[in-house]
Amino acid sequence: MLTTVLFDMGGTLEDIWYNEDTQRATCRRLLEVLRANGLEPDCPDDVFWKRITDGVKAYKQWSEGNMLEKKPEEIWPDWYLRDFAFDREKLLPITEELANLWEVTFYHRELRDGAAEMLQALKSRGYHLGVISNNASLYNVFRVLEDYGIRGFMEDVTVSSVTGYRKPHPEIFRIALRQMQAKPEMCVYVGDTVSRDIIGPKQVGFAKAVQIRSFLSEQKDVHVAADAAQPDKVIGTLMDLVTWLDQINPELAPAPGA
């Protein structure tokens with residue numbers, strides 16, 4: 001019997017997207033925080049942004065290629081801000097602030113429609129719930145869950161920046177299983193990408209992997225092989241997950257008319 005449902009965060013429990021406006025806002029806010037802490041880039045804004053994004057691309061290539069995640073105090077001095085001669089002692093205390101700023105400013109985030117209702121429905125059926133998320137901030141996922149009012153549904157939150165492993169690395173899923181005290185054959189994983197959220201849980205033996213597509217799905221899955229693992233179910237809304245689980249796991253479904 002399925003007993004546990006684990007979720008991706010960005011693109012799954014929350015809608016997420018970015019555009020030119022969010023990028024401009026990120027550039028402006030980063031400059032404000034750096035200057036407030038005595039760190040002056042000494043270059044035009046467009047040059048500043050180009051250097052930042054070059055560092056981001058280099059880090060993403062390394063981290064996604066190795067399925068590993070460094071902590072903010074390594075990412076920002078050594079990758080994102082590597083092309084600036086900033087005083088490292090001034091920079092280190094604000095790296096988590098910068099990491100969280102990036103996550104909530106570069107990306108527009110909002111709780112996906114039906115998320116709270118879906119979580120309540122699953123909780124009332126007795127499912128154990130948790131989150132496994134790739135995130136380069138230590139505390140962003142915890143903070144956002146609290147802001148949405150859904151942190152209380154989660155028995156565990158496993159984040160790449162804490163574990164050091166990024167989905168689809170099998171170890172981040174194994175860590176979550178240990179923390180949830182769950183067996184993979186009793187688990188369902190729900191995410192928006194095949195590359196991370198279907199391939200990852202499948203390779204460690206999760207019973208089911210479900211996809212709900214997002215703004216990020218296509219770009220994140222562009223290099224997925226044609227013969228890669230496929231989702232057991234593709235849902236259009238989060239409440240579809242409840243309906244599907246009731247069908248395949250009737251032991252936990254409410255009695256008709258209840």
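Predicted model: local features only at pLDDT ≥ 70, side-chain atom pairs only at ≥ 80, totals over all residues.
The lining of the largest pocket divides into 16 nonpolar, 10 polar and 13 charged residues. Helix α2 (45–66) gives the largest share of the lining, six residues. Other elements that each supply at least two residues include strand β2 (14–17) and helices α3 (72–80) and α5 (95–105).

Now step back to the whole chain. It has 13 helices and eight strands. Its C-alpha atoms fill a box of roughly 65 × 35 × 30 Å along the principal axes. How does the radius of gyration fit a chain of 258 residues? A compact globule with that number of residues would have a value near 18 Å; the chain has 19 Å, which agrees. Buried residues make up 53% of the chain. Take the contacts between residues at least 6 apart in sequence: 71% of them join residues at least 24 apart.

Start with α6, residues 115–124. Ala115, Met118, Leu119, Ala121 and Leu122 are buried there. Seen down the axis of α6, these buried residues fall within an arc of 160 degrees, so they line one face of the helix. An α-helix has 3.6 residues a turn, so residues three or four places apart point the same way. On the other side of α6, Glu117 and Ser124 are exposed. What covers the buried residues? The cover of α6 includes the strands β1 (4–7), β3 (108–111) and β4 (128–133). Helix α13 (238–248) is also part of that cover. Just after α6 comes glycine 126, with a positive phi of about 100 degrees.

Helix α7 spans residues 140–148, and its buried residues are Asn140, Val141, Val144 and Leu145. They fall within an arc of 130 degrees when seen down the axis of α7, so they too line one face of their helix. Glu146 and Asp147 are exposed on the other side of α7. The buried residues of α7 pack against β2, α5, β3, β4 and β5 (156–159).

Two single residues complete the tour. Is threonine 12 buried or exposed? Threonine 12 is buried, because its relative accessible area is 0%, and the cut-off for buried is under 20%. Its place is in the loop between β1 and β2. Leaving aside neighbours within four places in sequence, threonine 12 is in contact with Phe7, Arg112, Val190, Gly191, Asp192, Ile212 and Leu238.

Valine 234 sits in strand β8, residues 233–234. Its relative accessible area is 37%, so valine 234 is partly exposed. That value lies between the cut-offs, under 20% for buried and over 50% for exposed. Not counting residues up to four places away in sequence, valine 234 touches Gln211 and Arg213. Valine 234 and isoleucine 16 are 218 residues apart along the chain, and their C-alpha atoms are separated by 18 Å.

Technical notes
Residues numbered from 1 in each chain as written. Heavy atoms only, no water. Buried < 20%, exposed > 50% of the residue type's maximum accessible area, 1.4 Å probe, protein only. Helix = DSSP H or I, 4+ residues; strand = E, 2+ residues; numbered from the N terminus. Arc of directions from axis to C-beta. Contact = heavy atoms within 4.5 Å. Nonpolar A, V, L, I, M, F, W, Y, C, P; charged D, E, K, R; others polar. Rg over C-alpha atoms; globule rule 2.2 N^0.38 Å.
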